[in-house]
Amino acid sequence: MKKQQIIFLSTGLVLFCAIYFFARTTPKKDTNAPVATSKQEAAGAFDFTSYIKQVKSQLPDYQQNYLEKLENSVVRGNVKEQQVKVYHQLADFWKDTLHSLLPNAYYVALASKLENSEKSLTFAGHNFLEGLRQQQDPALKKWMATEAKELFEKALTINPNNDSTKVGLGSCYLFGNISDNPMQGIQMLREVAERDTTNMYAQFMLAMGGMESGQFDKAAERLKKVVRNQPKNVEAILALAESLERSGNKKEAITWYQASKPFFQEKEILQEIDKRIDLLKK
């Protein structure tokens, strides 16, 4: 398990499988947060172009030159397959060399739109979705949700019956604040969950929505169903522990925090879980 796959919630809970979208790209400057560099961002909208420009400006010249060479080759390329290849090269460079996953997700999405296959579109959509659920900045969440929404909608035109894609689309509305109707995402998720009671992805996302709205008892009930069916789903186990803690069920919360510990080897994560348990025992 990689450290960038783990974040700390505001409550101190360690949550598994998050995407760390703003990583350090140089030894001296931390690019963990976007900087408002345009009127658009200052007004409350996330501007990816300004963000990527700001991050690139902090890179060494040789890395800037490499990225510029790749970007120019996309513009010159007149064959779709060539453009897809370059987008994947850009995505890989941002992820593997610069350890910055937001640009990686962006270029994976561009490639998927050209490939226009259900598999590539849904992968790119879920890539954004898993990241936006962990972001605190509303403008960034909305931008990521909008990007994911477009990808899921394109995938559904190819296969309208893919429930996982429907759940992904509903989750964009639920977590990204991209609709004036807050129930729009819930309705999409419920449609899948009620039609297919074995769909644990829909159950899990509904539970996460419940936690965001403060319905911790209802969230806990859904999460118990998820962990019964997926006993190795550590994200669901930790979310269940938190939902029980925040609903006042300290004893049961401790049980589930304890149940999560065998899934981790990292000392700092185990220490964080033990801190939560110690606080609940007081």
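**View 1. Surroundings of Ser-243 in the predicted model.** In this predicted model, Ser-243 makes contact with Met-211, Phe-216, Ala-219, Ala-220 and Leu-223, once its neighbours within four places in sequence are left aside. Ser-243 belongs to helix α12, and its relative accessible area is 0%, so the residue counts as buried, the limit being under 20%. A polar atom of the Ser-243 side chain lies 2.8 Å from the backbone oxygen of Leu-240. Leu-223, listed here as a contact of Ser-243, is also named with Leu-102 and Phe-128 among the residues that have the most contacts inside the largest nonpolar core.

**View 2. The largest nonpolar core and the protein chain around it.** The largest nonpolar core comprises 78 residues, and those with the most contacts inside it are Leu-102, Phe-128 and Leu-223. Helix α7, which spans residues 138-158, supplies the largest share of this core, namely 10 residues. The protein chain as a whole contains 14 helices and two strands, and 50% of its 282 residues count as buried. Among the contacts in the chain with a separation of 6 or more, 52% are between residues 24 or more positions apart. The protein chain exposes about 14,400 Å², of which carbon and sulfur atoms supply 50%.

**View 3. Helix α7 and the helices packed against it.** The 21 residues of α7 should span 30 Å at 1.5 Å a residue, and the distance of 31 Å between the end C-alpha atoms of the helix agrees with this. The buried residues of α7 include Trp-143, Met-144, Leu-151 and Phe-152, and the list also takes in Lys-141 and Glu-147. Which helices do the buried residues of α7 pack against? They pack against α2 (48-56), α5 (101-115), α6, α8 (163-176) and α10 (200-212).

**View 4. The salt bridge between Glu-235 and Arg-133.** Glu-235 and Arg-133 form a salt bridge in which the closest N and O atoms are 2.8 Å apart. The pair links distant parts of the chain, with Glu-235 in helix α12 (residues 234-246) and Arg-133 in the loop between α6 (118-132) and α7, 102 residues apart. Are the two partners, Glu-235 and Arg-133, buried or exposed? Both Glu-235 and Arg-133 are buried. The structure holds 14 salt bridges.

View 5. Lys-224 and Glu-221, by contrast, both lie in helix α11 (residues 216-229), where they are three residues apart, or about one turn of the helix. Glu-252 has a relative accessible area of 24% and is partly exposed.

View 6. Salt bridges link Asp-163, Lys-166, Glu-191 and Arg-195 in a network. Tyr-201 has its place in helix α10 and counts as partly exposed, at 22% relative accessibility. Apart from its neighbours within four places in sequence, Tyr-201 is in contact with His-126, Leu-129, Glu-130, Ser-164, Val-167 and Gly-168. For one of these contacts, Ser-164, the C-alpha to C-alpha distance from Tyr-201 is 7.3 Å, although the two residues are 37 residues apart in sequence.

View 7. The relative accessibility of His-99 is 47%, and the residue counts as partly exposed. With a relative accessibility of 44%, Asn-116 counts as partly exposed.

Technical notes
Residues are numbered from 1 along each chain as its sequence is written. This is a predicted model: local features need pLDDT of at least 70, side-chain atom pairs count only at pLDDT 80 or more; totals for chains, interfaces and linings use all residues. Side-chain values use heavy atoms; hydrogens and water are left out. A nonpolar core is a set of buried Ala, Val, Leu, Ile, Met, Phe, Trp, Tyr and Cys residues joined through side-chain atoms within 4.5 Å. Buried means under 20% relative accessible area, exposed over 50%, partly exposed in between (1.4 Å probe, protein chains only). Helices (H or I, at least four residues) and strands (E, at least two) are DSSP runs, numbered from the N terminus. Contact means heavy atoms within 4.5 Å. Accessible areas come from the Shrake-Rupley method with a 1.4 Å probe; for residues, only the protein chains shown count as cover. A salt bridge is a side-chain nitrogen of Lys or Arg within 4 Å of a carboxyl oxygen of Asp or Glu. The expected span of a helix is 1.5 Å times one less than its number of residues. A polar contact is a pair of N or O atoms within 3.5 Å; within protein, one must be able to donate a hydrogen and the other to accept it, and residues adjacent in sequence count only if both atoms are side-chain atoms.
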